[in-house]
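Me: Hi! Could you walk me through this structure and what sits in it?
Reply: Happy to, let's have a look together.

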Amino acid sequence: MDLREQIDKEKLPVHVAVIMDGNGRWARQQGKSRVAGHQHGVTAVREVTEAAAETGIRFLTLFAFSTENWQRPQEEVNALMTLLVNTLESEIETLMKNNIVLRAIGNLEVLPEEVRENLLKTMGKTSANTGMNLVLALSYSARWEIAHAAGQIAHDVKEEKLDPGKINEKLFSDYLQTRDIPDPDLLIRTSGEYRISNFLLWQIAYTELYFTPKLWPDIRKEDFFQAILDYQHRERRFGRVSE
Ligand code: IPE
Ligand code: IPE
Ligand code: MG
């Protein structure tokens, strides 16, 4: 039977986050440049985005570029930024067709002007859509996000807008960029690496983790459905005992 049909619509994860990894290794296997690997990764982005929207996932967060990725060779960074601009332009139709709202988290201020403008423009075009939220993590680092939140909290305390006695987990979450996004239920990482690489550290406290050896450019809808099915067989206990 089709994997898609085996998915229990009553037990869907609300938020799925993805660490899209393995573009460079895919390229090396094919005898291509790392940049070609990133270009082929765009097909996987489209497949997973469509699969998630069609399944009824409310939030899909894709880790597209980390703060640490700025340390890659300048040529690769430039190519990734250009690819981002081109992809935002070419995929706007896919976003509209699937009723997707595009959003972004990360330190967007350090993105090249052209990328940021394009991003804001595309987000604006999709803002009236009512379907899935596609959240791009760009120049994102979870430690940066947490430190930034701490700074804002300190600022509000200093301005006497916030009583330090009121600081708790809920309030802290409200200072993160994900303030109106539920914590991920499922986190997928491709390419056989078993690490988090500074992604959503606060938010994944009770997230189910799914790892696949497949490299990102090879990922298709079926792989996404497989991850959802795996998730649906898990028992989430949140520190309690089984019912
Ligand atoms: C993921 O693929 C894409 C980004 C981090 C931007 P990589 O470029 O990390 O691919 P590998 O890990 O070198 O194979
Ligand atoms: C994580 O992948 C970042 C993104 C997918 C954007 P990396 O390839 O940068 O992570 P490490 O270096 O293997 O931990
Ligand atoms: Mg990698």
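Predicted model: local features only at pLDDT ≥ 70, side-chain atom pairs only at ≥ 80, totals over all residues.

**Ligands and their surroundings**

Reply: Ligand 2 sits in the largest pocket. Sitting there means that more than half of its atoms lie within 2 Å of the pocket's grid points. A pocket is an open set of points, on a 1 Å grid over the protein atoms alone, where a 1.4 Å probe fits, with protein on both sides within 12 Å along at least five of seven lines.

Me: Where does ligand 1 sit?
Reply: Ligand 1 sits in the largest pocket.

Me: Which residues are around ligand 2?
Reply: Among them are Ile19, Phe63, Phe65, Ser66 and Ser197; a residue is listed if one of its heavy atoms lies within 4 Å of the ligand. Strand 2 (residues 59-66) gives the most to this shell, with four residues. Strands here are DSSP runs of E with at least two residues, and helices are runs of H or I with at least four, numbered from the N terminus.

Me: And what polar contacts does ligand 2 have?
Reply: A polar contact is a pair of N or O atoms within 3.5 Å. A polar side-chain atom of arginine 195 is 2.8 Å from an oxygen atom of ligand 2, and for asparagine 69 the side-chain distance to a ligand 2 oxygen is 3.0 Å. Arginine 72 has a side-chain N or O atom 3.3 Å from an oxygen of ligand 2. The protein covers 78% of the 390 Å² of accessible area that ligand 2 has on its own, by the Shrake-Rupley method with a 1.4 Å probe.

Me: Back to ligand 1: how far is arginine 72 from it?
Reply: An N or O atom in the side chain of arginine 72 is 2.7 Å from an oxygen atom of ligand 1. Arginine 25 also has a polar side-chain atom 2.7 Å from a ligand 1 oxygen. Alone, ligand 1 exposes 380 Å², and the protein buries 86% of that.

Me: Which helix gives the most to the shell around ligand 1?
Reply: Helix 2, with three residues.

Me: New topic: how many salt bridges are there?
Reply: The count comes to 22, each being a side-chain nitrogen of Lys or Arg within 4 Å of a carboxyl oxygen of Asp or Glu. One of them joins aspartate 21 and arginine 189, with the closest N and O atoms 2.8 Å apart. That pair links distant parts of the chain, 168 residues apart.

Notes. Residues numbered from 1 in each chain as written. Chains lettered and ligands numbered in written order. Heavy atoms only, no water. Polar contact = N/O pair within 3.5 Å; in protein donor to acceptor, adjacent residues only side chain to side chain. 1 Å grid on protein atoms, 1.4 Å probe; cavity = no way out; pocket = protein on both sides within 12 Å on 5 of 7 lines; lining within 4 Å.
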